[in-house]
Amino acid sequence: MEILFTPIARSITKLSSYAVLIVLLLSCSFFTSTEAYDALDPNGNITIKWDVMSWTPDGYVAVVTMYNFQQYRHIQAPGWSLGWTWAKKEVIWNMMGGQTTEQGDCSRFKGNTPHCCKKDPTVVDLLPGTPYNQQIANCCKGGVINSWAQDPANAASSFQVSVGGSGTTNKTVKLPKNFTLRAPGPGYTCGPAKIVKSTKFVSTDQRRVTQALMTWNITCTYSQFLAQKTPTCCVSLSSFYNDTIVSCPTCTCGCQNNLTQPGSCVDPKSPYLASVVEGSGKNSYQPLVQCTSHMCPIRVHWHVKLNYKEYWRVKITITNFNYRMNYTQWNIVAQHPNFDNITQIFSFNYKSLSPYEAINDTAMLWGVKFYNDFLSQAGPFGNVQSELLFRKDKSTFTFDKGWAFPRRIYFNGDNCVMPPPDAYPWLPNASSRPVVSFLYSILTILAASIFVLA
């Protein structure tokens, strides 16, 4: 029986292995991921709400609103652009609070000409100063949308669109598809439009509630990997108890390569600096960075400054090495276990994010309005700084093994590259530890070799 059973068991094992392999291949084929996940903002997304407000003889009038539900990632100038593909032969008769970038071919229309006849229109926000008769609420900010935690009152953007050729009832209207959101570059992936419960609106006197005739939502999520091929920021470290300054890792965001790629960076000591920066194209949003070992547009420096009996102090400096970008409404997110006991922040705004309710170790920091909320382009004024005062928790506090340094740092929603942990500044009485362990390893290998040869 055992002789007969062994081949059968082997066959079953092989079949099981093939079955598992087939399932994995099918899952890779059918369940492609279109969403991104941020551990520090697990519910962050941009939700586009399309509310049909009234019917017209050949279509409808809708208000489209983008809500930025991301805690710390905002859309800065030159702003968002939203695209989609019509399901039928729809046209846009007119718009308020926004405009399409192209009109398209409207030659089939006699008399009144639509605002846009393209099958795949792209809409942008209007600029500040637009005449009032072309505005609606939450429009005309140049496409800038602030983050939910930093400025919730300005975390939305809207426009009104009058659509023709679409159907005039809930059953005949077809939802647009293939939504794209650029903010201003790539990075966002949008899901399909889904019909949801109609939005309700409360009058200003709170005495009447109206609702949209039809509503659908589109959810867009951000991925740093889709937004850019290389990182955009890095972190350097230093402390009062060690003279070592741990710089950003070399070539973090690229390498200096002016021989094969002239103009990849700018020497700040060059006598032609002003002409190079002015002639580099002000409308180009590709970074033009100062020549550094890391080549990052942004560096965040964390310095453990002072140690008191009950407290300890940290200084944070954010430096802009990008000659083409002024960062307005900038923010950083830092993760450190002592943020659950922060006592004072001297010149930044602070908000605890607490992505996980039981753990309060994540803080969002941003500039004070009209004081340091504007991070100027690379140069003598291209930095902002502040100091943080933490209260010690005797059960966890230590300067040993890099505990005083952050676990991770984000700048404007992008994860910054940290130095390797073994490069962190060590306490003076622990500075010899890596050397000793290394020598110990070598001696162990030599001893083992001698033992084998003997």
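Analyst: In β21, the residues N331, V333 and Q335 point one way, while I332 and A334 point the other way, and all of them are buried. In a regular strand the side chains alternate between the two faces of the sheet. Since 5 of the 5 residues of β21 are buried, the strand is largely enclosed by the rest of the structure. This description rests on a predicted model.

The strand has partners. β21 pairs with β24 in the antiparallel sense over 5 bridges, and A334 has A363 as its bridge partner in β24. β21 also pairs with β27, again in the antiparallel sense, over 4 bridges. Here V333 stands opposite Y410 of β27.

D373 is placed in the loop between β24 (362-367) and β25 (374-375). D373 is buried yet has no salt bridge. The nearest side chain of opposite charge belongs to K369, 6.5 Å away, whereas a salt bridge requires the atoms to be within 4 Å. A polar atom of the D373 side chain does, however, lie 3.3 Å from the backbone nitrogen of F370. Leaving aside residues up to four places away in sequence, D373 touches Y327, T328, Q329, W330, G367 and V368.

Beyond β25 comes another loop, between β25 and β26 (383-391), and S376 lies in it. S376 and R324 are 52 residues apart in sequence, but their C-alpha atoms are 9.7 Å apart in space. With residues up to four places away in sequence not counted, S376 touches N320, M325, N326, F381 and G382.

Aromatic side chains provide a further view of the surroundings. A pair of aromatic rings is described by the distance of the centres and the angle of the planes. The count of aromatic pairs comes to 27. In one of them, the rings of W312 and W403 have centres 6.0 Å apart and planes at 50°, so the pair is tilted. W312 lies in strand β19 (residues 311-320) and W403 in the loop between β26 and β27 (408-411), so this pair ties together parts that are 91 residues apart in sequence. W312 counts as buried because its relative accessibility is 0%, and W403 is buried with a relative accessible area of 13%; the cut-off for buried is under 20%.

F339 and F390 form an edge-to-face pair, with 5.3 Å from centre to centre and 70° between the planes. This pair brings the account back to β21, because F339 lies in the loop between β21 (331-335) and β22 (342-345) and F390 lies in strand β26. The pair therefore ties together parts that are 51 residues apart in sequence. F339 counts as buried at 1% relative accessibility, and F390 is buried with a relative accessible area of 0%. Both pairs belong to one aromatic cluster, formed by F240, Y241, W312, F339, F390, F397, F399 and W403.

Finally, the whole chain gives the setting. The protein chain has 4 helices and 28 strands, and 43% of its 454 residues count as buried. Among contacts between residues at least 6 apart in sequence, 70% join residues at least 24 apart.

How values were computed:
Residues are numbered from 1 along each chain as its sequence is written. This is a predicted model: local features need pLDDT of at least 70, side-chain atom pairs count only at pLDDT 80 or more; totals for chains, interfaces and linings use all residues. Side-chain values use heavy atoms; hydrogens and water are left out. Helices (H or I, at least four residues) and strands (E, at least two) are DSSP runs, numbered from the N terminus. Buried means under 20% relative accessible area, exposed over 50%, partly exposed in between (1.4 Å probe, protein chains only). Lys and Arg count as positive and Asp and Glu as negative; His and the chain ends are not counted. A polar contact is a pair of N or O atoms within 3.5 Å; within protein, one must be able to donate a hydrogen and the other to accept it, and residues adjacent in sequence count only if both atoms are side-chain atoms. Contact means heavy atoms within 4.5 Å. Rings of Phe, Tyr and Trp (its six-membered ring) pair if their centres lie within 6.5 Å; planes under 30 degrees apart count as stacked, over 60 as edge-to-face and the rest as tilted. Two strands pair if DSSP finds at least two bridges between them.
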